Amino acid sequence: MKTYVIGDLQGCAHEAGLLLERIAATAGPDVRILFVGDLINRGPDSLGALRRMKALAETSDGRVDALLGNHDLHLLAVAVGAQKMSRSDTLDEILAAPDRDELIDWLRRRPLAMFVDAHLLVHAGVAPQWTAAQTMALAAEVETVLRGEHWIEFLGRMYGNEPDRWDDGLTGIARLRCIVNALTRMRLCWPDGRMDFHHKESDKGPEGTDLQPWFDLPNRRTLDVTVVFGHWSALGLVLRPNLVGLDSGCVWGGKLTAVCLDDRSLLQVDCPEYREHSGKK
């Protein structure tokens, strides 16, 4: 059974359907399909995208699943009143839907990381201090809270840029927030592993700074596995021996991309420019 991983949908339900059709035509029905998160928001049909992914996951015998991205977490927080919507959000249809509660409940039970066939899948990045095994364990800590009875309280305290560097001694909400920020928000890091959340409009750090993409830090402890991620539309498609970046800017007029983990073959569909690209997601 081949495994395909698909980049950020961001509410582009029509393009997701086209890409799923191409996967079926190429590899047949017996495939595993995984999404790297940000199923919703900014695009034209967040409700349709979320409903379709939920239906596919629930009828696929575990062969279809999706990671939580920062936009997915944002929806959860907005839905419970822990966060306000921004002007660029396209979440109203979900929040007003008759099946809203079922969609929210399904979404909050999605994983923050997966390990599949020697590939580590995350939405945004991996803290340089973490091994693949540690990444999975730390993701599970947050997943347990999101699936538990105190999930609404957690969402109310999840946001913030501190702490910006991982330490094994972190506890409580600071520990959980740092895990979430690395897995769903990180792009650039300082050489000591501190995460930067201010520069989003480029594929590299500003000139004259030591900021660099998290995956280029020389002491990163996940160099022994292939990391697959999305989140960074300014970066675009990245294919390296041990790195796959899949956010090819679908909502910004780019492409929606799927990569087959078995042979690195690509399938893509073109997307209209639903949003003017500002580099910010």
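Is Leu 237 buried, partly exposed or exposed, and what is its relative accessibility? In this predicted model, Leu 237 counts as partly exposed because its relative accessibility is 33%, which lies between the 20% and 50% cut-offs.

- The position of Leu 237 is in the loop that runs between strand S9 (226-229) and strand S10 (238-240).

**Second largest pocket**

- The volume of the second largest pocket is about 190 Å³.
- Its lining is made up of 13 residues, and those closest to the centre are Pro 29, Val 31, Ile 33, Leu 56 and Val 64.
- Two or more lining residues come from each of helix H1 (13-27), strand S2 (31-35) and helix H2 (46-58).
- Helix H1 contributes the most to this lining, with 3 residues.
- Sorted by class, the lining holds 8 nonpolar residues, 3 polar residues and 2 charged residues.

**Backbone exceptions**

- Most peptide bonds are trans, and most residues other than glycine have a negative phi.
- The peptide bond between Glu 162 and Pro 163 is cis, with omega at about -5°.
- Pro 163 sits in the loop between helix H7 (151-157) and helix H8 (172-184).
- Asp 117 is not a glycine, yet its phi is positive, at about 50°.
- Asp 117 belongs to the loop between strand S4 (113-116) and strand S5 (119-122), and its relative accessible area of 45% makes it partly exposed.
- Arg 264, also not a glycine, has a positive phi of about 65°.
- The loop between strand S12 (255-260) and strand S13 (266-270) contains Arg 264, which is partly exposed with a relative accessible area of 27%.

**Salt bridges**

- Side chains of opposite charge can pair when their charged atoms come close.
- The whole structure contains 13 salt bridges.
- Lys 255 and Asp 270 form a salt bridge through their side chains, with an N to O distance of 2.3 Å.
- Because Lys 255 lies in strand S12 and Asp 270 in strand S13, this pair ties together parts that are 15 residues apart in sequence.
- Lys 255 is partly exposed, at 32% relative accessible area, whereas Asp 270 is exposed, at 57%.
- Arg 100 and Asp 101 are paired in a salt bridge whose closest N and O atoms are 3.8 Å apart.
- Asp 101 counts as exposed at 57% relative accessibility, while Arg 100 counts as partly exposed at 23%.
- Glu 143 and Arg 147 form a salt bridge in which the closest N and O atoms lie 4.0 Å apart.
- Glu 143 is buried because its relative accessible area is 10%, under the 20% cut-off, and Arg 147 is partly exposed at 36%.

Note on methods. Residues are numbered from 1 along each chain as its sequence is written. This is a predicted model: local features need pLDDT of at least 70, side-chain atom pairs count only at pLDDT 80 or more; totals for chains, interfaces and linings use all residues. Side-chain values use heavy atoms; hydrogens and water are left out. Helices (H or I, at least four residues) and strands (E, at least two) are DSSP runs, numbered from the N terminus. Buried means under 20% relative accessible area, exposed over 50%, partly exposed in between (1.4 Å probe, protein chains only). On a 1 Å grid over the protein atoms alone, a cavity is a set of points where a 1.4 Å probe fits but cannot get out, and a pocket is an open set with protein on both sides within 12 Å along at least five of seven lines; lining residues have an atom within 4 Å of a point. Grid points are joined across faces, edges and corners, and a volume is the space filled by probe spheres set on the points. Ala, Val, Leu, Ile, Met, Phe, Trp, Tyr, Cys and Pro count as nonpolar, Asp, Glu, Lys and Arg as charged, and the others, Gly among them, as polar.
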